[in-house]
Each structure stands twice: as C-alpha cells, then as structure tokens.
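Hi,

Here is the structure I promised to pass on to you. Have a look at it first, and then read on for what I found.

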Amino acid sequence: FNGPGSIALVRQPMIRYTFKLAPGATLALAAENARNGGVGHLPDFVAKLAYGAKWGSVGLGLVTNQYRFDEAGSTTPRSGTKQGFGGALSGSFNLTKNDSIVAHAAGG
C-alpha cells in the first residue's frame, strides 16, 4: 500500500569508500543514485561516522539530496530545485553480555 519512497528493498547504485580512522572508528562516504531520478540530478551524498568498543557503539550519519519539481498541470506552473538534508545519531550501551540499551534519533 506504500509508494516507492517507502520501499526498503530498493537497491541503489553507489560509489562508497570507507576509511579506518582509528581502532574501532570508521568513516564511510558515498555518492548514491538519486531515488527521484532524472537527467541532471545531483547524486545523494551520504556520510557515516561510527565507533564501536566493548562498552557499545555510537554512530552519526548525514545525508543531502536534491529534489526537482515541475508543476506542469497547475494554472501557474512552477519548477525548481530544493536541497534536502538529514541526519541521524544512534548508539548502544552494553549492560551485560546479553543486554544493551539502544537509542536512535533522526531528523531532516
């Protein structure tokens, strides 16, 4: 019942490189095919900084993407572009060998 924007199994072509910054810390940078497609669209740019240790983990993710619109059916047609931004912060803290507290916040 949900449209293409909510499909979780869409495979996106991307170019990604992951840097190992320090023991347990990585930085991944990617340029992905824009989901809204079209000629001349900028790719979606994604960055993820992650750190994991025995106590748990923490991650920070950022994304930016370009939206193009064209209101051809309107009485006063408009077209243009808007730049979108989003971010997420997540983490976990190990309480015992089998239990942990997990949190995630996202916005854009």
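A contact here means heavy atoms within 4.5 Å. On that basis, of the contacts in the chain with a separation of 6 or more, 26% come from residues 24 or more positions apart. Please keep in mind that this is a predicted model.

**Overall make-up**

The chain has six strands and zero helices, so in sequence order its pattern reads β-β-β-β-β-β. It has 108 residues, of which 15% count as buried.

Strand 3 (residues 44–53) pairs with strand 4 (residues 56–70) in the antiparallel sense, over nine bridges. The two form a hairpin with two residues between them, and Gly52 stands opposite Ser57 of strand 4. Strand 4 also runs antiparallel to strand 5, to which 15 bridges join it.

**Thr96**

Where does Thr96 lie? You will find Thr96 in the loop between strand 5 (79–94) and strand 6 (100–107). Thr96 counts as partly exposed because its relative accessibility is 45%, which falls between the 20% and 50% limits. What does its side chain reach? The side chain of Thr96 comes to 3.1 Å from the backbone nitrogen of Asp99. Thr96 also lies 9.5 Å from Trp55, C-alpha to C-alpha, with the two 41 residues apart in sequence.

Best wishes

Methods:
Residues are numbered from 1 along each chain as its sequence is written. This is a predicted model: local features need pLDDT of at least 70, side-chain atom pairs count only at pLDDT 80 or more; totals for chains, interfaces and linings use all residues. Side-chain values use heavy atoms; hydrogens and water are left out. Helices (H or I, at least four residues) and strands (E, at least two) are DSSP runs, numbered from the N terminus. Buried means under 20% relative accessible area, exposed over 50%, partly exposed in between (1.4 Å probe, protein chains only). A polar contact is a pair of N or O atoms within 3.5 Å; within protein, one must be able to donate a hydrogen and the other to accept it, and residues adjacent in sequence count only if both atoms are side-chain atoms. Two strands pair if DSSP finds at least two bridges between them.
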